[in-house]
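Here's a quick briefing on one helix and on a handful of annotated positions. Have a look at the structure first, then work through the points below.

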Amino acid sequence: MNESDSTGGARLLTPADVRRLAERTGVRPTKTLGQNFVIDAGTVRRIVRTAGVGAEDTVLEVGPGLGSLTLALLPHVRSVTAVEIDPRLAEVLPRTAAEFAPAYADRLRVLTADAMRVAEIPGPAPTALVANLPYNVAVPVLLHLLELLPSLRRALVMVQAEVADRLAAGPGGRTYGSPSAKAAWYAEVRRAGSVGRGVFWPVPNVDSGLVALTRRSAPPGAGDGAAGGEDAAPDRRAVFAVVDAAFAQRRKTLRAALAGWAGSAPAAERVLRAAGVDPRARGESLDISAFTRIAACAGHAAEPGAEAR
């Protein structure tokens, strides 16, 4: 049995298949759309295995391209909804599924859309995101989909190695930043492996990494007694505004970095102290729960003398 015959009755794409499909479709991979097609069957098998998806899962795939990962997913899951921005690729993908995985082609839905702008996903609510994300928009696409689709319980995404490190980073290092904190709002995040450059066509100039995410049951900080004992966590947008302000000037102390957000440095200090955060700390030292406490306390740390005005 050769490399293209070994996944549950679906034939996986070989390098020759990928190039033939690209030529037949009239597609030349472009940097603008972040197109680097996977040509290695072992890599897509590994992604499916690491994702841990099964027969009950409805999988969302973003940027399926010519279908390498799609074909590996179809035999193992209930259905796949593939979101593809390139209309030529979106049109040809169902035909590719019919040719290479005829027994499972009816499990595929294709949505021609920009994943950054999509407002809904038709059909059954996706339970898992499994994708080789376009590297130029990987973080905003991931965060958008986690916010848009609370039904997503887990995700496995392939991104640029540097982005993978940032997404999975914990507080305390230079790698930790806004993407790390925002991803942690939604999920437990971990690095799930590395992927070499040679499995792509065309070969990119960077290495890749796998990132696994498991949805949290509730946002960090909910019910922790912040903001005068209120149980509900603050709105995501309020928390992300604090994160953005803290990392926009990450070399500064939080007292200084949050001055614009709070209205003044003294106001920022009052909020920080109310949240139990040292005003001399920097954003890179805080986990997402601490950012949540700061946002929750923003409306409860009154200025001195406010009652007299």
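UniProt annotations may be inferred rather than shown by experiment. With that in mind, the "binding site" annotation, from an unreviewed UniProt entry, covers Asn36, Val38, Gly63, Glu84, Asp114 and Asn132. Keep in mind too that this is a predicted model.

**Asparagine 132**
- Asn132 sits in strand E5, residues 128–132.
- With a relative accessible area of 15%, Asn132 counts as buried, because the cut-off for that is under 20%.
- Leaving out residues up to four places away in sequence, Asn132 touches Asn36, Val38, Val62, Gly63, Leu69, Met158 and Phe200.
- A polar atom of the Asn132 side chain lies 3.4 Å from the backbone oxygen of Asn36.

**Asparagine 36 and glycine 63**
- Asn36 is found in the loop between H1 and E1.
- Beyond four places in sequence, the contacts of Asn36 include Asn132, Phe200 and Trp201.
- Gly63 belongs to the loop between strand E2 (58–62) and H3, and is partly exposed at 26% relative accessible area.
- Among the residues Gly63 touches are Glu84 and Asn132, again not counting those up to four places away in sequence.

**Helix H1**
- H1 spans residues 15–25, and its buried residues are Asp17, Val18, Leu21, Ala22 and Thr25.
- Down the helix axis, the buried residues of H1 fall within an arc of 130°, so they line one face.
- That buried set packs against strand E1 (37–38), helix H3 (68–73), helix H4 (87–100) and strand E8 (200–201).
- Exposed Ala16 and Glu23 are on the face of H1 turned away from its buried side.

Key. Residues numbered from 1 in each chain as written. Predicted model: local features only at pLDDT ≥ 70, side-chain atom pairs only at ≥ 80, totals over all residues. Heavy atoms only, no water. Buried < 20%, exposed > 50% of the residue type's maximum accessible area, 1.4 Å probe, protein only. Helix = DSSP H or I, 4+ residues; strand = E, 2+ residues; numbered from the N terminus. Arc of directions from axis to C-beta. Contact = heavy atoms within 4.5 Å. Polar contact = N/O pair within 3.5 Å; in protein donor to acceptor, adjacent residues only side chain to side chain.
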